[in-house]
Amino acid sequence: MKTYFITGTDTDAGKTVAAVALLQAFAKTGLRTCAMKPIAAGCEQHSEGLRNSDALLLQAAASVPMTYQQVNPIALVEPIAPHIAAAIAGKPIQVADLVAAWSALQQLPADLLLVEGAGGWELPLSANQTMPEFVKQTADGVILVVGLKLGCLNHAMLTVQAIRAAGVPLVGWVGNQCLPQKMPYQAENIDYLRAKIDAPWLGTLPYSQSSDRLELADHLQLNMNLSEFS
């Protein structure tokens, strides 16, 4: 099973929007898909337990049936940096625990696993561990979501540099209009990124709200080597 990790230029760049669209687009090619959001901060208490709205969207978009616990093994209440939320909950996060949860998913009858991160690339998990340490042990590549707003060029290029420095392949990137109004000269910003990022541009997603996230797959072009999934 191939694993791609979805990261963003910053918080609210649109990782979940892009992940859902990618799951839908890959499923349309005939691939069996599953999804994971290892850590979710900002969960609400339901009768079934803590639930995160983004993780629920991933669960719904996966073509292979999954339990919520499989999608989101670490659910935290406070909508803050996960390592702080975990400390408040008395449940410190360990990379080994995330890897174990990921390993358990390898038994699913799927071709592709999309793993959505939290925050940006250099997310701290504790005082001594960061999310890239998990990614390096689990992912075949990274897909970057660029939140299209003022400052995104700098954020995107710094994130690309950090991903490459970690030794993980960048297999593609998605532009996401994360604000209701297009950023000034949005097309020109996308053109710059297409010229500078040495990885396939998979498309640009329009602004969307949770109710229509499942209708975005047609905005993506999966110009990747899909034969590697066979």
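## A bridge into strand S7

Glu116 of S7 is the bridge partner of Ile6. Strands here are DSSP runs of E of at least two residues, and helices are runs of H or I of at least four, both numbered from the N terminus. This is a predicted model, in which local features need pLDDT of at least 70, side-chain atom pairs count only at pLDDT 80 or more, and totals for chains, interfaces and linings use all residues. Residues are numbered from 1 along each chain as its sequence is written, and side-chain values use heavy atoms, with hydrogens and water left out.

## Neighbours of S7

Strand S1 (residues 2-8) runs parallel to S7, with five bridges between them. Strand S2 (residues 33-36) is also parallel to S7, through four bridges. There, Ala35 sits opposite Leu114. Strands count as paired if DSSP finds at least two bridges between them.

## Both faces covered

S7 spans residues 112-116, and five of its five residues are buried. Buried means under 20% relative accessible area, exposed over 50%, and partly exposed in between (1.4 Å probe, protein chains only). In a regular strand, side chains alternate between the two faces of the sheet. Leu112, Leu114 and Glu116 point one way; Leu113 and Val115 point the other way.

## The whole fold

The protein has eight helices and 10 strands. Of its 230 residues, 52% are buried. Its C-alpha atoms fill a box of roughly 45 × 35 × 35 Å along the principal axes.
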